[in-house]
Amino acid sequence: MQAEHHEVMSAYAVSERHLRAGRLADARRAARDALTAEGPDVRLFLILGRAHAAENEDDHDDRAEAAYREGLEAFPDDLDLLAAYAELCLAADYMDHPARHRRGPELAARIRELAPGSPQARRAERNGTGPRGPKPPSASRTQLHDARLVLAAVGDPASAAARAGDQAGACPEDDRLAVLAETLAALARPGRAPLRWMVRAPLATALPRTAWCIAVLLAVPALHLPSWSRLAAFAPLSVTFMLNALLRRARARAAARPSAPPADTAAPAFPPLPPVPAYNKRELITGAVILVAVVATGVVSGVWSYRQYAAYPRYTVSAPDRLQGMPRQDTSPALARIESAISPDLRGVAGRTFAYVYGPDPDQPSLLMWGATGDFHDAPADAPATIQEALETAGHPARAAWLAEPGGLGGAMRCVSYEVGDVPMVNCAWVDKGSMGSVYFADESQTRDASARLARSAREAVMHRGT
């Protein structure tokens, strides 16, 4: 019998060690193996249930309930099992688990019947079965309030964590002290000074984070940065997420701790933790101002960026009488062919279309040009290639193609060389937010740069910024 008791004690010690270290799966495995091998033990059932409940997931909550019910079948009047099961039930969502939620008050009443005034009974009352009053503060607000008080009083994070751990060990029935001890222990670790600063001075740290967010949101349209740059505005939120995760894990560790007798400690006691105050006027006003400022800045940044995106340059079209020494031929038959070839769809969206030809011979022009002005801010950057597809459709496959510098008017330009009959030709097409078009001319074995330069000069000679 003594050997069996020793085995159970060893299994309990192992599973408790895993539980305290946050190794929940290992704690469950050790407890279940011991229960299978040695039979029912109230402490192992308690650890098994707490290790499932600490996962804070529906499946694990179901298994925690099964562990508690199995334990209560063997030990129906154990206060710790009843209290843990009551806590699980009272925390259950009424809409998702109505039967479990209804069992909470029944279990709490059973605890008060067995041991009125006991720590387990007081704990059940704090968890929601006592008299109804004002809505209590959230768990995270209570957690931050307590940690801020102790850090302000003690100063050194390591000393504050040690003091809180001693007090929690001396009062194992006090959930608030347990959460405080776990929180301060996590905040005291190296590299967490920014998180401690956020706990100590929540308003003072919220203002620079808000200023950063506003500055980034306004810088995106002001500096013409890409839209994805707005993600940098939410970089300070990563620290907020880290703090919230730390608080959540600390609460989970406190909830998963096993019951233990009070520990003897010589550490000076904390003064009683005061009630958590409601949000004061300063906090409410600051929070509202921050929210309004960030939302308003986001709207302004979005509208400003969209106006930049949708804006397009306005052009005046005025063709010179001569281009590169070649006269303009307004009666050339080629001009009528080019005008008739302009897409009706393009005519429908463009503010204006135009076509010009230049050369000494009206019947054999040396340079042909067509284009359109209007709102083309949605035109893709590869639109010049689409324009030039008409050449291949007409039976003039490209011999070579290259991207060209668009020049001072901007946008994108692409040139291709091809043949019409036996005559080598070059076509350079362009598109920008306010215009698109194409220039055709004879390929006289000039370099690609020379061809692009000729196309740019024709475009810039005909099109002028301004209405």
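The model is predicted. Its second largest pocket has a volume of about 1,100 Å³. Across the whole structure, a search finds three aromatic pairs.

**Second largest pocket**

- The lining of this pocket counts 35 residues. Closest to the pocket centre are Ile338, Ala341, Trp370, Leu391 and Tyr440.
- Helices that give two or more residues to the lining are H15 (333-341), H16 (344-349) and H17 (383-393).
- Strands that do so are E5 (367-374), E7 (412-420), E8 (423-432) and E9 (435-442).
- Helix H17 gives the most, with six residues.
- By residue class, the lining holds 23 nonpolar, eight polar and four charged residues.

- One of the three aromatic pairs joins Tyr306 and Tyr309.
- Their ring centres lie 6.1 Å apart. The planes meet at 50°, between the cut-offs of 30 and 60 degrees, so the pair is tilted.
- Both residues belong to helix H14 (residues 281-310). They are three residues apart, about one turn of the helix.
- Tyr306 has 52% relative accessibility. Exposed means over 50%, so Tyr306 counts as exposed.
- Tyr309 has a relative accessible area of 39% and is partly exposed.

**Arginine over tyrosine**

- Arg141 lies over the face of Tyr279, at 3.9 Å from the ring centre.
- Arg314 lies over the face of Tyr312, also at 3.9 Å from the ring centre.

Key
Residues are numbered from 1 along each chain as its sequence is written. This is a predicted model: local features need pLDDT of at least 70, side-chain atom pairs count only at pLDDT 80 or more; totals for chains, interfaces and linings use all residues. Side-chain values use heavy atoms; hydrogens and water are left out. On a 1 Å grid over the protein atoms alone, a cavity is a set of points where a 1.4 Å probe fits but cannot get out, and a pocket is an open set with protein on both sides within 12 Å along at least five of seven lines; lining residues have an atom within 4 Å of a point. Grid points are joined across faces, edges and corners, and a volume is the space filled by probe spheres set on the points. Helices (H or I, at least four residues) and strands (E, at least two) are DSSP runs, numbered from the N terminus. Ala, Val, Leu, Ile, Met, Phe, Trp, Tyr, Cys and Pro count as nonpolar, Asp, Glu, Lys and Arg as charged, and the others, Gly among them, as polar. Rings of Phe, Tyr and Trp (its six-membered ring) pair if their centres lie within 6.5 Å; planes under 30 degrees apart count as stacked, over 60 as edge-to-face and the rest as tilted. Buried means under 20% relative accessible area, exposed over 50%, partly exposed in between (1.4 Å probe, protein chains only). A charge sits over a ring if NZ of Lys or CZ of Arg is within 6 Å of the ring centre and within 35 degrees of the ring normal.
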